[in-house]
Amino acid sequence: MAKEDDVPTSSFTDLARINVRGGDGGAGCMSFRREAFVPKGGPDGGDGGTGGSVCLACDPQLSSLVDYRFKHHFRAGRATHGQGARRHGRDGEDLVLKVPQGTQVRELDPTAMEPLYVIADLVTPGQRVCVAPGGAGGRGNIHFVTSVRRAPAFAEKGEPAREHWIELEMKLLADAALVGMPSVGKSSLIARMSAARPKIADYPFTTLVPNLGMVRAKSGLSFVVADVPGLIEGASEGRGLGHEFLRHIERSALILHVVDLTGGYEGRDPVADYRVINRELATHAETLAERPQIVVANKCDMPDVEDAAERLRIAAEADGRPFFTVSAVTGAGMDELVGACAREVHDLRAADSASDGSAELLDVAAERERRHRDRQIVVTREERHVWRVSGTDIERMVVQTDWENDEAVVYLQHRFERSGLNARLVEAGCVAGDEVRILGHAFEYEGEGADEAGGEDVLAPQPGDGTGEADGR
């Protein structure tokens, strides 16, 4: 008797969650040129390298996300520190993870593990998107020379890379999708239409994973058809097996709605089945209710199905949908169905291509969105006179500051002012004397215009700050 562990598991995986982290940036160097016969050589500290990034690349050779079924943590290479004599640190090595076509990438909330927003949709071979950028390298002291600061004795630290969870969801890129109740003959149809050879048996839920097949019509047009597990009433709410694969219908240009004219073992009404599946599609996604659909009445070779076929034809035509009666067993009506599907898919794809125009490079668009999010400054009230400031760029300034160097802290005050932080604090209602917290550091707000009026810092570090524990975090 076979043990439970010996039961083979499917290699098809269409949903995965992974933890990604770029490499840490290298620290900048604080150094001065010291050579014979070169007095007061000046600063020559090199920059730290930029940490490696974790990127996703679209690979048409992959058919599932099985590579991420058991391994969930991925790290890019860290950078090296800068050195004297203007020697810059080496950048960290990027890590490229390959994903199949049709993979949607979403950011996950770190606590609830629920999707927050879509990072990218990888549908074209070769598309690539950065999901975990490496930490920025710290600048050496050669960058902080001014007309009044001739010998800056500080440099920036490297930025630690951010670690976060993302969700990968693969949606099949099929031109047409076969949908319908279990055991209506979808697998038999895809086997008849294409070279696909799915498992076919006379019991419900024979199909456990989606199947793809290439179909070529007599006209020379071709299209890809997908067969997904059968749907039942309540599938959009999680009932049955097909609910896990409803996502694969979303990208299809055309829906082939297969109905069993015999009503199956339960003797169901074909028209009622037709209505149930349409309701489930609409409940899952409103766009599916408006998706072009061809109604396919299967098993027309069975006796006493003429009345059911006529009633289903009337219902389909009332909804403005083409109707075909076919037999997956004998092949009756299959040529007409395949030809109609090929023409419909060709017209739909041509219309999509015309409306898309020239698509922007995914990397460019994703990077622009990321930079926009990084520049945002969020101010929230934690207590009556205590405020919390968050934002990637602001936090990066803090973590790259050497808090044991007074010059570096003073330089941070000027960066705060230039970033617009003061204006955001005033807008939120912060007043002089309030405490402002950024990461593990606390500052005292000196009030609007303090820097211009009296030479005071707008945000002054509180006494004893710099340990990273000023606010108890």
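Of the 473 residues in the chain, 47% are buried. The model on screen is predicted.

**Whole chain.** Colour by secondary structure to begin. The chain has ten helices and 19 strands. Contacts between residues 24 or more positions apart make up 70% of those with a separation of 6 or more.

**The largest pocket.** Select Arg162, Asp374, Gly391, Thr392 and Glu395. Among the 35 residues that line the largest pocket, these five are the closest to its centre. The space in this pocket comes to about 1000 Å³. Next, show the elements that give two or more residues to the lining: strands E5 (103-108), E6 (115-122), E7 (128-132) and E8 (163-170), together with helices H6 (362-375) and H7. H6 gives the most, with five residues.

**Serine 187.** Move to helix H1, residues 186-193, where serine 187 is found. The unreviewed UniProt entry lists Ser187 and Thr207 under "binding site". Is serine 187 buried or exposed? Serine 187 counts as buried because its relative accessibility is 10%, under the 20% cut-off.

**Helix H8.** Select residues 406-419. This is helix H8, with 14 residues, and the distance from its first C-alpha to its last is 20 Å, close to the 20 Å expected at 1.5 Å a residue.

Look at the two ends. At the start of H8, a side-chain oxygen of asparagine 405 comes within 2.9 Å of the backbone nitrogen of glutamate 407. After H8 comes glycine 420, which has a positive phi, near 90 degrees.

Now show the side chains of Ala408, Val409, Tyr411, Leu412, Gln413, Arg415 and Phe416, which are buried in H8. Residues three or four places apart in an α-helix point the same way, because there are 3.6 residues a turn. What do the buried residues of H8 pack against? Their partners are helices H7 (392-399) and H9 (421-428) and strands E17 (435-438), E18 (441-445) and E19 (459-461).

**Arginine 415.** Stay in helix H8 and pick arginine 415. Arginine 415 has a relative accessible area of 19% and is therefore buried, as the cut-off is under 20%. Which residues does arginine 415 contact, leaving aside its neighbours within four places in sequence? Show Arg139, Glu156 and Met397 to see these contacts.

Key. Residues are numbered from 1 along each chain as its sequence is written. This is a predicted model: local features need pLDDT of at least 70, side-chain atom pairs count only at pLDDT 80 or more; totals for chains, interfaces and linings use all residues. Side-chain values use heavy atoms; hydrogens and water are left out. Helices (H or I, at least four residues) and strands (E, at least two) are DSSP runs, numbered from the N terminus. The expected span of a helix is 1.5 Å times one less than its number of residues. Buried means under 20% relative accessible area, exposed over 50%, partly exposed in between (1.4 Å probe, protein chains only). Contact means heavy atoms within 4.5 Å. A polar contact is a pair of N or O atoms within 3.5 Å; within protein, one must be able to donate a hydrogen and the other to accept it, and residues adjacent in sequence count only if both atoms are side-chain atoms. UniProt positions are given in the numbering used here, feature names are shortened, and annotations may be inferred rather than shown by experiment. On a 1 Å grid over the protein atoms alone, a cavity is a set of points where a 1.4 Å probe fits but cannot get out, and a pocket is an open set with protein on both sides within 12 Å along at least five of seven lines; lining residues have an atom within 4 Å of a point. Grid points are joined across faces, edges and corners, and a volume is the space filled by probe spheres set on the points.
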